[in-house]
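Please examine the sequence and the structure shown below. The briefing that follows is grouped by topic.

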Amino acid sequence: VQTCALPICSAERLLSTARGQLPMDFGGPAQTGADTATISAYVSGLIAAIGWWCFIDAAIYNSMDTTINSDACKGAPPKDLGFAMWLPGIGATLGIVMINCFNYSAYTNTGDGNAAACNNAWLFFSYLIMFGCIIASTWIMVEYWLASDSCTHWPGIAGVVQTVSLLLSGTVFFVGREAGGSRPSVGGTF
């Protein structure tokens with residue numbers, strides 16, 4: 001260690017410490033980077049945000065004045081984006097929460113068959129809700145937004161993109177959480 005009374009020496013020492021040239025021990029295990037669970041949490045959050053962003057963009061686009069799209073709409077007012085159109089996205093978000101409440105340690109513990117069966121039923125029902133929301137958003141898109149009297153198709157397409165994104169997000173988070181968490185048995189318990 002170099003000793004110097006000048007302020008320049010202390011600044012150089014701080015810079016070399018920040019670059020990792022001097023060993024620093026804070027008492028915890030050495031971190032070489034983010035683990036799989038952390039990366040999957042960020043990726044799944046990004047996927048879910050993209051899905052909701054598309055749907056909110058479509059809601060705003062649909063509420064714009066039709067004079068912007070006068071050729072496509074021919075002066076017709078935009079269709080109403082009612083509360084029922086939001087339900088598949090809300091249900092898919094609920095499905096993400098349900099998937100992440102799955103207790104993985106009860107799944108791997110085969111000693112109690114009843115707990116494992118209830119846990120598997122919970123996961124199956126969670127995915128059933130997610131796929132039901134994809135079916136509902138596809139139905140809304142085909143019946144309501146792809147009809148001949150519709151000015152735009154984007155809200156219907158965005159609803160399907162949203163629910164598929166939410167399904168992918170929940171699956172990425174679930175698989176990533178169990179594949180590389182820092183704890184051996186993480187699972188959602190309340």
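Two residues are in contact when they have heavy atoms within 4.5 Å of each other. By this definition, residues 24 or more positions apart account for 75% of the contacts in the protein with a separation of 6 or more. The model is a predicted one: local features need pLDDT of at least 70 and side-chain atom pairs count only at pLDDT 80 or more, while totals for chains, interfaces and linings use all residues. Residues are numbered from 1 along each chain as its sequence is written, and side-chain values use heavy atoms, with hydrogens and water left out.

**Overall architecture**

- The protein has seven helices and zero strands; helices (H or I, at least four residues) and strands (E, at least two) are DSSP runs, numbered from the N terminus.
- Along the sequence, the pattern is α-α-α-α-α-α-α.
- Buried residues make up 34% of the 190 residues in the protein. Here buried means under 20% relative accessible area, exposed means over 50%, and partly exposed lies in between (1.4 Å probe, protein chains only).

- The expected span of a helix is 1.5 Å times one less than its number of residues.
- Helix H2 (residues 36-63) has 28 residues and should therefore span 40 Å; its end C-alpha atoms are 41 Å apart, which agrees.
- The buried residues of H2 include Ser 44, Ala 48, Phe 55 and Ala 59.
- The 18 residues of H4 should span 26 Å, and the end C-alpha atoms of H4 are 26 Å apart, in agreement.
- Among the buried residues of H4 are Met 85, Gly 89, Ile 96, Met 98 and Ile 99.
- Leu 87 also belongs to helix H4, but Leu 87 counts as partly exposed because its relative accessible area is 42%.
- The C-alpha atoms of Leu 87 and Cys 133 are separated by 8.1 Å, although these residues are 46 residues apart along the chain.

**Nonpolar cores**

- A nonpolar core is a set of buried Ala, Val, Leu, Ile, Met, Phe, Trp, Tyr and Cys residues joined through side-chain atoms within 4.5 Å.
- The largest nonpolar core has 13 residues, of which Ile 99, Leu 123, Met 130 and Leu 166 touch the most other members.
- H4, H6 and helix H7 (154-180) are the elements that give two or more residues to this core, and the largest share, five residues, comes from H6.
- Leaving aside neighbours within four places in sequence, the contacts of Ile 99 include Leu 123, Met 130 and Phe 174.
- A second, separate core of five residues includes Phe 55, Ala 59, Met 85 and Trp 145.

**Aromatic rings**

- The structure holds five aromatic pairs. Rings of Phe, Tyr and Trp (its six-membered ring) pair if their centres lie within 6.5 Å; planes under 30 degrees apart count as stacked, over 60 as edge-to-face and the rest as tilted.
- One of the pairs joins Phe 55 and Trp 86, with an edge-to-face arrangement, 4.8 Å centre to centre and 85° between the planes.
- Phe 55 lies in helix H2 and Trp 86 in helix H4 (residues 83-100), so this pair ties together parts that are 31 residues apart in sequence.
- Phe 55 is buried at a relative accessible area of 2%, whereas Trp 86 is partly exposed at 25%.
- Ring pairs also link Trp 52, Phe 55 and Trp 86 into a cluster.

- Trp 122 lies in helix H6 (residues 113-145) and counts as partly exposed, because its relative accessibility is 36%.
- Neighbours within four places in sequence aside, Trp 122 is in contact with Met 98, Cys 101 and Phe 102.
- Ser 169 is found in helix H7 and counts as buried at 5% relative accessibility.
- Not counting residues up to four places away in sequence, Ser 169 touches Ser 44, Gly 45, Ile 47, Ala 48 and Ile 96.
- Ser 169 and Tyr 42 are 127 residues apart along the chain, yet their C-alpha atoms are separated by 9.8 Å.

**Cysteines**

- Cys 101 is buried, with a relative accessible area of 17%, and Cys 133 is buried as well, at 8%.
- A search of the whole structure finds zero disulfides, a disulfide being a pair of cysteine sulfur atoms within 2.5 Å.
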